[in-house]
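I wanted to look up a few places and write down what I found.

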Amino acid sequence: MRIVVLTGAGISAESGVPVFRGSDGLWEGHRVEDVATPEGFARDPQQVHAFYNGRRAKLTGGAVEPNDAHRALAKLAAAPGVELFLVTQNIDDLHERAGSGEVLHMHGELLKARCQSCGAVVPWREDLSRASVCPACGEIDCLRPHVVWFGEMPFGLDETAAAISRADLFVSIGTSGRVYPAAAFVSWAREAGVPGLEINLDESDGSSLFTESRRGRAGELVPRWVDEVLAGRKDQG
Ligand code: BV8
C-alpha cells in the first residue's frame, strides 16, 4: 500500500514546539516579512539569526521530544507491505528522532546551516551569527539557516508530485493549509484520483477538499489511524 503523508506544525505541537498561527503562535510578535524572507535576512541578519537561534536552542535543549504521532508514523513506515513517503513542512528533527528513516523536509531543516559562499549544507546545532565560520570554505558572515523562506523554492516538489500521483492514499496531519505549494498537495491528489484523509485539531483551509477529515489531537488520532491501516481495516474509517 503506497501512502503519502504531509505533516505540519500541528504534529509537533504536543512535543512543545509552537505552531505558527495560534494565540502563542510563532508569527505573534514577529512579522513574517522580517524573519522568514530573504529580504528580511538581507535587511537585518542578526534579527533573523536570533529568531532561528531561539527555536534551535529550544529544539536541542532537551525539553522537546517526539510524541506518539511521530512514533506511529515511524511504525507505519516499518510495516511490511507499506510504502510510506513522508514529506514535512516542519524544520524540526522529531520525525527522525522518532525513528523515521526517510523524511523529506520541503521547507528545510533548523539543525542545518547553508553557506552562501560555497553552497555547503552542514549540520548546525549552535547559535548562528555573522561571525560564524563556514566549516567547508572558511568564510565568515556567509552562513544562513538551511530553511525555505517565503518566495523561495521548496525542496523535493517533483518527487512529492510523483509520489502523490502513484499513491493509494494522501494523508495531511497538523497543518492549516495556508502555505503553498504544500497546501495544494491535496488538490494534486484529487486530480490523480487519490483519496485524501486529513487529521487536524481545527478546520483547515483545505478541509473540504479531503475525502475524510478527522478532528482532534495528532498524538491521539494518528496512532489510532495507523493501527487501523495495519489491521488492514479500510483506512477511511
Ligand atoms: C513558493 C519554514 C514559489 C521556515 C515556512 C498568494 C497565493 C498563493 C501563494 C502565495 C501567495 N503569495 C505568496 C505565495 C507563496 C507563499 C505562500 O504560500 N504564502 C501564503 C502566506 C499565502 N509560499 C511560498 O513563498 C513558498 N515558496 O511559493 O515558491 C514556487 C511555488 C511553487 C512552485 C515553485 C516555486 C515557500 C513557503 C515556505 C515558507 N516557510 N517554514 C520556518 O519554519 O521558519 S512556512 C511555515 O508555515 C511552515 O513550514 C508551513 O508550511 C506553514 C504553515 O504552517 P503549518 O505547519 O500549517 O502550521 P500552522 O501554525 O499554520 O497550523 C498548525 C495547524 O495544526 C493548525 O491547523 C492547528 O489546528 C493544527 N494543530 C495544532 N495543534 C495540533 C494540531 N493538529 C493536530 N494535533 C495537534 N495537537
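**Entry 1: the lining of a pocket**

I sorted the lining of the second largest pocket by class. I got nine nonpolar residues, five charged ones and no polar ones. I kept in mind that this is a predicted model.

Next I asked which residues lie nearest the centre of this pocket. They are Leu84, Phe85, Leu86, Glu102 and Ala163, out of 14 lining residues. Strands E1 (2-7), E2 (83-88) and E3 (103-105) and helix H6 (157-165) each give two or more residues to this lining. Which element gives the most? I found that E2 does, with four residues.

I also looked up the volume of the second largest pocket. The value is about 210 Å³.

**Entry 2: around the ligand**

I moved on to the ligand. How many residues surround it? I noted 34, and the closest are Arg21, Gln89, Gly151, Ser176 and Asp202. I then sorted this shell by class. The shell around the ligand has 17 nonpolar, ten polar and seven charged residues.

I checked some distances from oxygen atoms of the ligand. For Arg21, an N or O atom of the side chain is 2.5 Å from a ligand oxygen. For Asp202, I read 2.6 Å between a ligand oxygen and an N or O atom of the side chain.

How much of the ligand does the protein cover? On its own, the ligand has 1500 Å² of accessible area, and the protein covers 75% of that.

**Entry 3: a cis peptide bond**

I looked at the peptide bond from Tyr180 to Pro181. Is this bond cis or trans? I wrote down cis, as omega is near 0°. Where does Pro181 sit? I placed Pro181 in the loop between strand E7 (169-173) and helix H7 (185-191).

**Entry 4: a positive phi**

My last stop was Asp141. Its phi is positive, about 55°, although Asp141 is not a glycine. I found Asp141 in the loop between strand E5 (121-123) and strand E6 (143-147).

Conventions. Residues numbered from 1 in each chain as written. Predicted model: local features only at pLDDT ≥ 70, side-chain atom pairs only at ≥ 80, totals over all residues. Heavy atoms only, no water. 1 Å grid on protein atoms, 1.4 Å probe; cavity = no way out; pocket = protein on both sides within 12 Å on 5 of 7 lines; lining within 4 Å. Points joined across faces, edges and corners; volume = space filled by probe spheres on them. Nonpolar A, V, L, I, M, F, W, Y, C, P; charged D, E, K, R; others polar. Near = heavy atom within 4 Å. Polar contact = N/O pair within 3.5 Å; in protein donor to acceptor, adjacent residues only side chain to side chain. Areas by Shrake-Rupley, 256 points an atom, 1.4 Å probe, with all protein chains shown as cover.
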